[in-house]
Amino acid sequence: MPRWTPTRLAAGLGRGARAMAATMVVVLPTFWSMLQLGAWWRVPLNAVVFAVMLALSLPRALARTDWRQVPLAVGLLGPAVAAAAGCAALLGRDDGWRAAGATLFALGVAWPVWARRFGPAWRAGGGVAALPFLAALVQPEPVGPAGAFLGWALLGAAVALAWALLARGLSPADQAAEADLAASGERTSPDRSRAKGRRQPDEAPGPTTTDQTTDEEYPPPTHGRAKGQHQPGEASGLAPTDSTANSEQTPRRTAGPRASSSQALQIGVATVVAFAVAQALDPDHLVWPVMTVLITHSGNRGRGDVLVKGAGRIVGALAGTGIAALVGGWFAVGDATAVVALFAVLALAAAARPLGHVYWAAGVTAGLALLYGYCGQSGLDLLGHRLLGILAGGAVALAAAWFLRPVRTTDVARLRLARLLAAAAKACAAAARGEPAIEPSSTAGRPGERWGWAEPARRLGAADRQLGDLEATARAARRCGLGPARDLDRLLASAHGLARAVLTRVTGPAAPDRAPLGRLAHDLADRARALADRRQPLDGRLAHDLADLAREITAQ
């Protein structure tokens with residue numbers, strides 16, 4: 001599995017610079033547009049903050065969204081903004097309606113996670129629809145009547161969405177793919193010289209686009225023969241026949257609780273508890289525990305992932321709050337220089353995000369602290385409440401992930417590894433049938449025309465990246481984990497090497513020998529089926545077998 005080297009660090013800094021540009025090119029015009037509205041109306045500060053918070057998150061969400069999925073995402077954004085504005089108004093009250101607002105807010109952030117089961121379009125749309133709730137949580141001034149804030153929230157969302165869509169339309173066609181390759185270190189697509197048969201030295205193959213899948217991340221145990229389960233030698237969507245190799249099926253759960261249901265329950269319950277904790281600690285500042293819960297649970301890939309990334313995010317949030325408390329003393333209340341510092345901090349946070357979640361959490365938290373300081377909400381007493389709220393929110397988030405229908409990291413790794421082996425089997429089967437592995441990309445005729453991977457190779461590259469998302473968790477499990485989790489790091493490294501070997505083999509300049517590829521497709525499909533049916537343990541022996549298989553493919 002790739003590690004941080006000087007080359008990869010330089011690549012990460014380059015991606016950070018692009019991420020900063022892609023974010024601020026939306027944030028700054030959105031802020032400017034909201035200020036220009038002041039020529040006709042008195043724009044409340046909450047509306048400006050709401051629009052900027054959306055502009056901070058929308059570019060990344062839309063960059064990972066296929067254009068065919070954008071209409072659903074845009075359609076869901078409007079109702080989500082209305083619901084978030086209503087929750088903000090209820091949370092601003094001091095009576096029993098605040099509890100109702102907290103409950104509705106928790107439902108609003110939980111349902112997009114639950115909706116992942118309906119496919120990639122709902123996964124992308126749900127991710128966009130969750131953003132207004134995060135933006136509505138940041139209210140430096142009293143919200144006032146829900147109707148008044150609703151209109152401003154819809155206007156701010158329209159402004160942020162317009163700039164985000166414009167930036168998305170003007171961005172390079174492969175920007176979304178590069179955003180997903182933050183840890184792979186691979187090229188996003190081959191050039192035409194390679195398509196014609198010339199390989200660049202030491203060039204690693206990689207897909208052109210992302211492959212979004214529903215987040216049903218763990219298969220259930222096999223006890224006897226449950227309905228829908230497969231016995232050894234039985235077709236399960238992974239059989240090594242040509243017809244199966246052409247199918248779009250990937251290993252999925254057959255019974256038991258869905259990961260999307262468990263993760264939605266976790267974030268919903270954690271959010272309600274965080275509101276209760278915030279009410280007890282500081283009723284006037286609900287944002288810190290709740291924001292920490294939402295940041296910690298974002299991108300949840302199992303309880304180990306929440307623990308590793310959550311710890312980093314908590315450390316980053318604490319550091320960001322402390323830094324902002326020191327820097328904030330340089331600015332007076334209402335000082336315009338504090339606004340410049342705020343945007344500088346957000347830009348640095350966007351640039352550092354590819355290097356680690358700790359930097360993003362530090363930047364966002366520091367930006368929020370500067371914002372509240374600009375509005376006159378600062379001091380040592382508030383600093384203590386913020387730090388305590390962040391710690392409490394982090395504890396709530398970790399407890400929910402570990403004790404409330406937990407999703408085990410080994411189960412996530414099992415299903416993602418099964419998907420990778422199944423995708424490798426299909427890529428080998430397609431090459432054995434003589435199907436080309438490289439085809440003209442959808443950007444043909446545009447400046448910088450490129451060639452891209454065909455469907456089987458693209459899916460293999462996407463599966464490799466999805467498995468690679470567990471790299472940080474696997475490294476932590478090697479040092480501190482127990483049982484099979486300690487072997488995940490070796491297993492992920494072997495799987496990554498296998499995926500690269502298969503991609504290199506099927507996309508090489510010379511026509512591959514079909515007979516060995518056909519046998520390899522059978523072997524990989526059998527291994528994928530054994531993993532999906534839980535007949536194959538995740539241990540060091542499997543890692544050794546996959547590494548041997550990769551060396552065998554490379555030597556052919």
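Is Arg68 buried or exposed, and what is its relative accessible area? Arg68 is exposed, at 74%. For the terms: buried means under 20% relative accessible area, exposed over 50%, and partly exposed in between, with a 1.4 Å probe and protein chains only.

Some housekeeping. This is a predicted model, where local features need pLDDT of at least 70 and side-chain atom pairs count only at pLDDT 80 or more, while totals for chains, interfaces and linings use all residues. Residues are numbered from 1 along each chain as its sequence is written, and side-chain values use heavy atoms, with hydrogens and water left out.

My topic is salt bridges. A salt bridge is a side-chain nitrogen of Lys or Arg within 4 Å of a carboxyl oxygen of Asp or Glu. Searching the whole structure gives 10 salt bridges.

One of them joins Arg68 to Asp66, with the closest N and O atoms 2.9 Å apart. Asp66 is partly exposed, at 31%.

Next, Asp411 pairs with Arg534, and here the closest N and O atoms are 3.1 Å apart. Asp411 lies in helix α17 (residues 409–432) and Arg534 in the loop between α21 (514–532) and α22 (540–555), so the pair ties together parts 123 residues apart in sequence. Helices here are DSSP runs (H or I, at least four residues), numbered from the N terminus. Asp411 is buried at 6% relative accessibility, and Arg534 is partly exposed at 25%. Arg408 joins Asp411 and Arg534 in a network of salt bridges.

Last, Arg475 bridges to Glu471, with 3.3 Å between the closest N and O atoms. Both sit in helix α19 (residues 471–480), 4 residues apart, so about one helical turn separates them. Glu471 is buried, at 9%.

Definitions and conventions:
Helix = DSSP H or I, 4+ residues; strand = E, 2+ residues; numbered from the N terminus.
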